[in-house]
Amino acid sequence: MPLGGVRNNGRMVAAPERVDVAIVGAGFAGMYMLHRARSAGFSAHVFERGGGVGGTWYWNRYPGARCDVPSLEYSYQFSEELQQEWEWSEKYATQPEILRYAEHVADRFDLRRSISFDTTVQTLDWQGEAWRVTTTRGTTVAQYVVLATGCLSAANVPRFTDDHLYEGKTYHTGNWPHEGVDFSKKRVAVIGTGSSGIQSIPVIAERAEHLTVLQRTPAYSVPARNQKLSPEYIESVKANYGEFRRKNSLTRAALGGDTPTGPHGACEVSDAERRDALEARWQKGGLLFLGAFNDALTNPASNQLIADFVREKIRTTVRDPETARRLSPDSVIGCKRLCVDTDYYETFNRPKVSLIDLREQPIERFTKQGIVFGRTRSSSASTAIGDEPARTEIEFDAIVFATGFDAMTGAINKIEIRGRDRRALAETWVDGPVNYLGLSVHGFPNLFMVTGPGSPSVLTNMIVSIQHHVEWITDCLARLRDSGLTTIEADVEAQREWVEHVNSVAGMTLYTSCSSWYLGANVYGKPRVFMPLPGFPAYAQRCAEVARDNYKGFITR
Ligand code: N01
């Protein structure tokens, strides 16, 4: 069952035989790493499997794809000229606009001459003093390697019985054809209702003859309230961009400094006050909905009240009570990443959209024309969902997999990485991705991760975390050079303490209470370890202290 491919729009740049810093990935992390390393006087080269820059925004071209962090925040802050000259058009930028921005950055900072596109890094071998980087096109020796591989870049494509028999078109949201897909006059299925599904479903529904949404777990979604940005608002942010950025970096998720988290717990206020606070955030739209109260992700009772509010919104939006019931999650809100939508729940009021709850009607097998759905005991009383009777084959012209990613470690594990004593990273990580500061792994000298497991990464505005990591890594490399040192590696004891710290911070929250991709629970056989560290400001402070303390917890030689 081949999934739709992508067109290559890159150009070929040969990699040097030797380089100070080899960078894997030309997304926002890899591009900035290249720029920063060069600016610090290092030779650097990027290897990118795609045909262009942009990383996640290069691959995720599905209908409706846009960022759910406001564009004035989801952008680099390292260059005042760049942030002043670039004009975002909407509160939440679309994928094409973000990709244009990435391309602009690549041109503006003359990055492309040091990027080999269409080049996949296959193995990394530590040679005692440097890394041998083997790609699909050759070999380069690098003193340092930076993995800028992205947290959500290895597509998760679940296998189903007889899926090879299906003869219609199949697509994964994270690997969308560059030429786009015309769904008009097509009977389409979307599998998955995470952020990608929730963004694409309303847009696919516009064109498709019929859309069937296959939902395993309902997600919580809040309205985006996207809008054009007014010149006055842009000007007001740009007039004091530094302060705007500073305020954002002081929040837990490094975003939304202008809308601070409410000062109370949800149980500490009256019903009317709670409703007003939640309604105000609902009307404003976006991820900061969860910041109405300061204990949304620490107090189960508060979380329940916030979840009740959203369930009521679903009930009052979706006209068919059965469909509304099926769309209503019963889990902890925010445990899986909150989704942000435009007309998601409203879409289920369209006669040409149906919902199949896979917990009641599981996918039994694929056929030449479509999917056969089974029936569970709990669903046997009701044999129909929307127009579709239970235990039946439904024909589809196209099936969209919005089934997510092997997050945080997936792209790293695709590379065969052998460190000191030829030990494989996959072996070191067999019980979970041990690391120090989310930046480094014991036994793998001179290897850095950008927004790796163990760092706040996906719980934050990614660009803030990326910029922080890149700057920390570059400063570290410069300090080593200035001190006449050539290798750095995480100390095993510091690593053990760090893993314990991440687990204990995560354990104080409700994040660990559901089967999320943060825990690796969406990928069969993946160890269940909560990977990101909640809380950007404390993390950034710790990294600064480590650096000030001569890279405490690292062994340097
Ligand atoms: O992936 P997901 P995503 N059978 O893992 C279902 C970021 N992002 O691509 O919940 C049936 O969230 C799965 O069901 P379940 C953002 O951080 C950001 O949507 O596992 N269903 C779930 O419904 C986001 O969190 C933006 O039971 C199966 C869905 O597929 C992250 O990327 C936009 C299945 C996967 O949801 C990932 O989002 C898009 C199976 N075998 C993404 N396997 C923005 O900035 C999986 N599913 C807006």
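**Notes on the model**

1. Let me begin with the second largest pocket, which has 27 lining residues; Pro-70, Glu-73, Lys-91, Tyr-233 and Lys-284 are the ones nearest its centre. Please keep in mind throughout that the model is a predicted one. The volume of this pocket comes to about 470 Å³. Sorted by class, its lining holds eleven nonpolar, nine polar and seven charged residues.

2. Next, the ligand. There are 24 residues around it, and those that come nearest are Ser-196, Gln-199, Arg-216, Thr-217 and Lys-336. Arg-216 places a polar side-chain atom 2.9 Å from a ligand oxygen atom. Backbone atoms take part too: an N or O of the Asp-68 backbone lies 3.1 Å from an oxygen atom of the ligand, and for a backbone N or O of Ala-402 the distance to a ligand oxygen is 3.3 Å.

3. Thr-140 deserves a look of its own. You will find this residue in strand S6, which covers residues 138-147. Is Thr-140 buried or exposed? Its relative accessibility is 2%, under the 20% limit, so Thr-140 counts as buried. A polar atom of the Thr-140 side chain lies 2.8 Å from the backbone oxygen of Pro-16. Leaving out residues up to four places away in sequence, Thr-140 touches Ala-15, Pro-16, Glu-17, Arg-18 and Val-19, along with Phe-47, Trp-131, Arg-132 and Val-133.

4. Another threonine in a strand is Thr-392, placed in S17 (residues 392-395). Because its relative accessibility is 23%, Thr-392 counts as partly exposed. Apart from neighbours within four places in sequence, Thr-392 is in contact with Ile-371, Val-372 and Phe-373.

5. Trp-517 sits in the loop that runs between helix H15 (492-507) and helix H16 (536-548). Which residues does Trp-517 touch, not counting those up to four places away in sequence? They are Leu-152, Arg-337, Ala-407, Val-458, Asn-522 and Met-531. Take Leu-152 from that list: although Trp-517 and Leu-152 are 365 residues apart along the chain, their C-alpha atoms are separated by 9.9 Å.

6. Finally, two backbone angles to inspect. Asp-343 has a phi near 65°, a positive value in a residue other than glycine. Asp-343 belongs to the loop between strand S11 (339-341) and helix H11 (344-347). With 43% relative accessibility, Asp-343 counts as partly exposed.

7. The other angle is at Thr-451, where phi is near 55°, again positive in a residue that is not glycine. Where is Thr-451 placed? Thr-451 is in the loop between strand S20 (447-449) and helix H14 (462-482). Its relative accessibility is 4%, so Thr-451 counts as buried.

Note on methods
Residues numbered from 1 in each chain as written. Predicted model: local features only at pLDDT ≥ 70, side-chain atom pairs only at ≥ 80, totals over all residues. Heavy atoms only, no water. Helix = DSSP H or I, 4+ residues; strand = E, 2+ residues; numbered from the N terminus. Buried < 20%, exposed > 50% of the residue type's maximum accessible area, 1.4 Å probe, protein only. Polar contact = N/O pair within 3.5 Å; in protein donor to acceptor, adjacent residues only side chain to side chain. Contact = heavy atoms within 4.5 Å. 1 Å grid on protein atoms, 1.4 Å probe; cavity = no way out; pocket = protein on both sides within 12 Å on 5 of 7 lines; lining within 4 Å. Points joined across faces, edges and corners; volume = space filled by probe spheres on them. Nonpolar A, V, L, I, M, F, W, Y, C, P; charged D, E, K, R; others polar. Near = heavy atom within 4 Å.
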